[in-house]
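Work through the following exercises with the sequence and the model at hand, and try each task before reading its solution.

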Amino acid sequence: GAARAIGVELALAGARHIRVVNRTPSRGKELVELINDKTDASAEYIVWDTPYVLPEGTDILVNATSIGLYPDVEAKPDIDYTSIRGGLIVCDVIPNPPRTVFLREVYVKERHSYCVRTPDSKYAKIHVKNIKTRQGKYSPTKTIVLDWEYQTDGSNSFIEKKVPEPI
């Protein structure tokens, strides 16, 4: 359900190419066929039987699986986390726990964007502008500068807000 909805919406929103990485060939191929037949995007199916390495140029990474869902909250998708680079938009559809091992593993990188579900069941997009390290009295401290947008209703519309420095 979630992968199908996200894949189709990304295609309708203008994504040119979508890689569907799925553990179940029939479900993955069905989604690829739907995207290729009903949208202008091109889609390809990739069997997920080894740690997935994100190709160079990947813009968006979405975990639309049940991996990490309560009660198995320590599970994470089998991907090569070293292949995740700055500038990537990362989203996890798992609602419980809100900060999954997948998102913690990705960790905060400069130029990354994250999609998070808020307590009122809306979404916020958080973009890490930069990370500054300053030498404190006893140890270095990090200041993370963010931009963020927040959904004001149940639509896909976001309003832009700025988070003051430092966070």
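**Exercise 1: a salt bridge between helices**

At 41% relative accessibility, Arg4 counts as partly exposed, a class that lies between buried (under 20% relative accessible area) and exposed (over 50%), taken with a 1.4 Å probe and protein chains only. The model is predicted, so local features need pLDDT of at least 70 and side-chain atom pairs count only at pLDDT 80 or more, whereas totals for chains, interfaces and linings use all residues. Residues are numbered from 1 along each chain as its sequence is written, and side-chain values use heavy atoms, without hydrogens and water.

Task: find which residue forms a salt bridge with Arg4.

Solution. A salt bridge requires a side-chain nitrogen of Lys or Arg within 4 Å of a carboxyl oxygen of Asp or Glu. Arg4 meets this rule with Glu30, their closest N and O atoms being 3.2 Å apart. The pair links distant parts of the chain, since Arg4 belongs to helix α1 and Glu30 to helix α2, 26 residues apart. Glu30, at 49% relative accessibility, is likewise partly exposed.

**Exercise 2: a salt bridge between strands**

Task: determine which residue pairs with Glu44 in a salt bridge, and where the two lie.

Solution. Glu44 pairs with Arg19, with 3.5 Å between the closest N and O atoms. Glu44 is partly exposed at 31% relative accessibility, and Arg19 is partly exposed at 37%.

Terms used
Helices (H or I, at least four residues) and strands (E, at least two) are DSSP runs, numbered from the N terminus.
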